[in-house]
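This briefing goes through the structure shown below, one topic at a time. Please keep the coordinates open while reading, so that each residue can be looked up.

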Amino acid sequence: MSRFTLPRDLYFGRDSLSQLKTLSGKRAFVVVGGGSMRRFGFLDRATAYLNEAGMEVQLFENVEPDPSVETVMRGARAMRAFEPDWIVSIGGGSAIDAAKAMWVFYEHPRVTFQSLLEPFSFPALRAKARFVAIPSTSGTATEVTAFSVITNYQTGVKYPLADFQITPDIAIVDPALVETMPQELIAHTGMDALTHAIEAYVSTQHSPFTDPLALHAIKMIAAHLPKSYLGDLSAREQVHYAQCLAGMAFSNALLGIVHSMAHKTGAAFETGHIPHGCANAMYLPYVIEYNQRESTARERYAAIALTLNQQGESEEHLVTKLLEVIRALNKKFGIPATLWEAGVREAEFNEKIAGIAERAVGDACTGTNPRKIDIKTMERLFRCIYYGKRVDF
Ligand code: FE
């Protein structure tokens with residue numbers, strides 16, 4: 001038996017933010033990240049719409065990037081004092097992820113963070129509140145997914161929480177909110193979304209329900225992301241919808257080792273943080289080279305190439321074409337092709353890579369990768385990425 005779960009309602013298009021005025025309830029608790037939503041007036045508009053709906057509004061601002069367990073607990077306490085019947089989260093992945101976790105501790109004060117680390121084991125939500133998610137970046141698709149990533153700064157570990165209980169009730173996908181995204185963020189988050197769709201399409205959990213969403217997302221991102229990057233706002237709108245389709249696919253089909261590897265290298269090197277989408281974009285071609293030795297995966301990568309109007313006389317040839325398309329996009333967006341190019345020093349790489357490889361194999365996303373991998377092979381794969389070598393094993 002499999003399950004396919006999405007939000008009950010999805011509003012999209014310019015001014016879909018105004019749907020907030022149609023909610024019925026008494027109190028709305030609004031969770032936001034840094035200042036950009038306030039600066040560009042979206043927070044005031046959201047508050048005004050909720051007031052128009054007859055609701056009292058309480059704001060919880062300044063959720064940090066990579067939200068902490070402490071922020072989650074502080075938000076949950078504020079919710080218990082205010083007793084909202086709607087939780088409205090606006091922002092990039094972080095604010096929405098934090099609000100999802102706050103929601104669990106609001107409804108179930110006695111639940112421990114530790115107990116939530118077991119995937120798909122959450123207690124039932126919605127006895128107290130329902131949840132609206134409004135993304136202001138175009139990639140994580142947390143507005144439609146069953147996931148939330150919370151960081152424990154004491155141990156320095158990022159914990160992915162997963163359960164369909166935290167899939168939002170309503171997603172509002174308003175392209176006006178992503179018009180002001182900086183160029184680098186457009187590239188990184190867009191390539192994150194492309195990786196979501198590709199990994200979902202080849203995942204061992206893919207299904208007839210996730211395949212069309214993943215394929216169409218891939219087609220739309222490839223067509224529109226380069227134009228969005230150059231400032232075309234109608235292309236940016238299409239990417240905003242495409243990343244959401246990709247989210248619907250991967251929330252139900254899950255991901256693969258590109259994400260396992262990006263999760264464990266984001267903060268690993270002293271030369272600096274490798275943004276999530278940038279790491280995914282860099283690793284994706286190497287992982288395709290590795291996975292394509294598994295015949296079902298090869299067939300599926302070839303199908304992706306056909307969707308992108310590539311031609312080839314064999315599956316192998318089509319996979320090569322797909323690799324070319326991805327590498328060309330990366331080049332256009334200034335994404336490094338190797339970890340060496342990304343500035344990671346060789347000595348530090350050599351010193352840390354065995355541990356990183358072990359943690360990547362243990363990541364939650366490894367289980368649904370189409371080809372199995374052990375720690376030694378993972379290390380070899382990372383070495384190919386460091387030096388820009390072909391993956392021929
Ligand atoms: Fe991602």
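This is a predicted model: local features need pLDDT of at least 70, side-chain atom pairs count only at pLDDT 80 or more; totals for chains, interfaces and linings use all residues.

Met261 counts as buried because its relative accessibility is 0%, and the cut-off for that class is under 20%.

- Met261 belongs to helix α8, which covers residues 257–265, and its contacts, leaving aside neighbours within four places in sequence, are Tyr283, Val287, Ala360, Met378, Leu381, Phe382 and Ile385.
- Between the C-alpha atoms of Met261 and Ala124 the separation is 32 Å, with the two residues 137 apart along the chain.
- The largest nonpolar core has 84 residues, and the members that touch the most others are Tyr283, Leu339, Leu381 and Phe382.
- Leu381, when its neighbours within four places in sequence are left aside, is in contact with Ile257, Met261, Tyr286, Val287, Tyr290, Ile373, Val391 and Phe393.
- Another core, of 30 residues, lies apart from the largest one, and its members include Phe29, Ala76, Met79 and Phe113.

**The iron site**

- The iron ion has as its protein donors Asp192 through OD, and His196, His259 and His276 through NE2 in each case, lying 2.2 Å from the ion.
- The angles among the four donor atoms run from 83 to 169°, and the site of the iron ion is irregular.
- Along the sequence, the spacing of the donor residues of the iron ion reads D-x3-H-x62-H-x16-H.
- Helix α5, residues 183–202, holds both Asp192 and His196, which are four residues apart, or about one turn of the helix, and both of these residues are buried.

**The cavity**

- When the whole structure is searched, one cavity of 30 Å³ or more is found, and the space in the largest cavity comes to about 40 Å³.
- The lining of the largest cavity is made up of Ile198, Glu199, Val202, Val258, Leu284, Val287, Ile288, Asn291, Tyr301 and Asn369.
- Two or more residues of that lining come from each of α5 and α9, the latter spanning 276–291, and α9 gives the largest share, with four residues.

**Loop residues**

- Thr142 sits in the loop between β5 (130–135) and β6 (147–152), and it is classed as buried because its relative accessible area is 3%, where the cut-off is under 20%.
- Not counting residues up to four places away in sequence, Thr142 touches Gly93, Ile96, Asp97, Lys100, Phe147 and Pro168, while its C-alpha atom and that of Ala223, 81 residues apart along the chain, are separated by 23 Å.
- Most residues other than glycine have a negative phi.
- Phe120, although not a glycine, has a positive phi of about 55°, and it lies in the loop between α4 (93–107) and β5, where its relative accessibility of 40% makes it partly exposed.
- Asn309, also a residue other than glycine, has a positive phi near 60°, and its place is in the loop between α10 (295–307) and α11 (315–332).
- Asn309 is classed as exposed because its relative accessible area is 63%, and the cut-off for that class is over 50%.

Conventions. Residues are numbered from 1 along each chain as its sequence is written. Side-chain values use heavy atoms; hydrogens and water are left out. A nonpolar core is a set of buried Ala, Val, Leu, Ile, Met, Phe, Trp, Tyr and Cys residues joined through side-chain atoms within 4.5 Å. Buried means under 20% relative accessible area, exposed over 50%, partly exposed in between (1.4 Å probe, protein chains only). Contact means heavy atoms within 4.5 Å. Donors are N, O and S atoms within 2.8 Å of the metal (3.2 Å for Na, K and Ca); water is not among the atoms, so sites may look incomplete. Four donors count as tetrahedral if all angles lie between 85 and 135 degrees; four count as square planar and six as octahedral if opposite donors are over 155 degrees apart and all others between 65 and 115; anything else is irregular. On a 1 Å grid over the protein atoms alone, a cavity is a set of points where a 1.4 Å probe fits but cannot get out, and a pocket is an open set with protein on both sides within 12 Å along at least five of seven lines; lining residues have an atom within 4 Å of a point. Grid points are joined across faces, edges and corners, and a volume is the space filled by probe spheres set on the points.
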